[in-house]
Amino acid sequence: MTTERNWAGNLTYRASTLAHPASVDELGDLLDRGGPVRVLGSRHCFNDIADTEGLLIALDRLPMVCEVHADRTAVRVSGGARYGDIAPLLEAEGLALANLASLPHISVAGAIATGTHGSGDAIGSLASAVRGLTILTPSGETRVLQRGDADFDGAVVSLGALGVVLDVTLDVEPTYQVAQHVFERPDWDAVLADFDAVTSIGTSVSLFSTWEHTDAVDQIWVKQRLPEAREAARESLFERLGAVPAVSKRHPILGVDPVACTEQLGVAGPWFERLAHFKLDFTPSAGAELQSEYLVPRADAVASIQAVRTLAGRIAPLLLVSEIRTVRADDLWLSSSSGADVVGIHFTWRPDEAGVRELLPAIEAALPGTARPHWGKVFTLDGAEVRTRYPRWADFAALAARYDPDRRLVNPYLQRLGL
């Protein structure tokens with residue numbers, strides 16, 4: 001029995017064995033053993049999505065792949081690679097991704113399988129950049145899928161229910177620079193009254209709050225691709241909101257040393273050194289924490305934030321920080337932004353799992369029935385209810401049954417969802 005834990009330390013994997021294959025052939029031999037199996041990414045999930053009582057396979061020792069296509073519009077990368085590892089390689093080629101999550105430490109395959117995202121009104125989740133992937137099924141069959149194939153939209157955000165993602169092909173574009181600005185203490189009512197203007201004022205916008213005060217947002221982080229054409233409009237907007245520019249570097253959690261955070265104060269830098277909130281070389285965020293997130297259609301965003309605001313007195317004692325950001329719609333079946341532009345309401349909790357799980361039903365009841373929980377974070381919604389929020393769920397279940405007919409990848413997490 002392994003004693004390995006996830007990054008946050010709130011989960012000990014139940015797997016009988018943790019294997020680190022160094023080649024695809026060795027990976028195939030492991031799968032040939034039979035029995036329950038799951039694939040482990042960079043361990044940044046806060047629930048048991050990657051857990052199993054059988055064999056747990058980590059991809060971190062497979063050969064690194066980072067191959068730019070001849071037309072320089074795409075790159076093929078190994079599924080176990082971290083975004084923070086491939087980003088400098090792309091930069092060296094004069095190329096970039098359209099977006100990054102707040103943490104560069106996460107693996108490519110794990111991030112897309114759980115629908116992980118960055119922020120931006122005009123930017124999709126990390127999964128929306130996928131144009132192809134290679135999957136090794138538990139039976140040893142290799143499936144190569146490309147955007148436009150019949151199974152593709154169901155296979156990208158897969159919850160690990162289809163097989164081992166050996167490699168992923170991502171859209172890329174010419175490299176660019178980004179500047180990051182932080183504004184403090186804007187009025188909440190003014191922000192919500194002009195919410196669309198706030199989230200569209202930069203390429204990527206994040207609102208941070210501890211919910212200890214409901215009159216003002218703690219911080220708004222604005223990441224802007226350069227050359228910047230809206231500096232005057234940004235300054236004018238935040239002046240109307242009653243915000244003031246930060247005069248020194250900030251951490252999302254008030255009072256925490258910002259040394260781990262990417263550069264701010266409008267200092268321009270490469271895309272991969274600004275789009276993430278945290279630097280690859282540092283332990284991200286607080287470390288000892290839990291996370292939850294609910295993504296709601298744009299039309300429900302303001303009402304959803306107001307609903308959370310009414311629970312501030314119960315939320316604040318358990319909270320490190322909350323982040324609100326936006327994601328563009330896509331067509332991926334199990335993406336939390338499938339079919340609609342969404343706003344994510346994220347909670348980074350203190351490491352009190354019992355207290356968090358006691359509170360989450362109240363938050364989930366206050367949010368609209370359109371809210372979708374992040375697949376890799378802590379939520380308490382019943383699996384049957386979660387299924388109703390994904391119109392293509394039955395199609396995905398059929399896809400999973402075809403890729404894994406012996407149900408070797410099905411673990412308690414997937415069982416709770418009805419797979």
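Student: How much space lies in the second largest pocket?
Tutor: About 240 Å³. This is a predicted model, where local features need pLDDT of at least 70, side-chain atom pairs count only at pLDDT 80 or more, and totals for chains, interfaces and linings use all residues. Residues are numbered from 1 along each chain as its sequence is written, and side-chain values use heavy atoms, without hydrogens and water.

Student: What's a pocket here?
Tutor: On a 1 Å grid over the protein atoms alone, a pocket is an open set of points with protein on both sides within 12 Å along at least five of seven lines. In a cavity, a 1.4 Å probe fits but cannot get out. Lining residues have an atom within 4 Å of a point. Volume is the space filled by probe spheres set on the points, which are joined across faces, edges and corners.

Student: Which residues lie nearest the centre of that second largest pocket?
Tutor: Thr262, Phe272, Glu273, Lys279 and Leu280, out of 16 lining residues.

Student: How does its lining divide by class?
Tutor: Nine nonpolar, two polar and five charged. Ala, Val, Leu, Ile, Met, Phe, Trp, Tyr, Cys and Pro count as nonpolar, Asp, Glu, Lys and Arg as charged, and the others, Gly among them, as polar.

Student: How many cavities of 30 Å³ or more?
Tutor: One. The largest cavity has a volume of about 30 Å³. Its lining includes Ser204, His277, Glu323 and Arg325.

Student: Switching to the core. Which residues touch the most other members of the largest one?
Tutor: Tyr83, Trp271, Ile315, Trp349, Ile363 and Trp375, among 112 residues. A nonpolar core is a set of buried Ala, Val, Leu, Ile, Met, Phe, Trp, Tyr and Cys residues joined through side-chain atoms within 4.5 Å. Buried means under 20% relative accessible area, with a 1.4 Å probe and protein chains only.

Student: What is tyrosine 83 in contact with?
Tutor: Beyond its neighbours within four places in sequence, its contacts (heavy atoms within 4.5 Å) include Leu97, Pro104, Val108 and Leu126.

Student: Now E7 and E8. In what sense do they pair?
Tutor: Antiparallel, over five bridges. Two strands pair if DSSP finds at least two bridges between them. Strands are DSSP E runs of at least two residues, numbered from the N terminus.

Student: Which residues make up the covered face of E8?
Tutor: Arg143 and Leu145. Thr142, Val144 and Gln146 are on the uncovered face.

Key: Buried < 20%, exposed > 50% of the residue type's maximum accessible area, 1.4 Å probe, protein only. Helix = DSSP H or I, 4+ residues; strand = E, 2+ residues; numbered from the N terminus.
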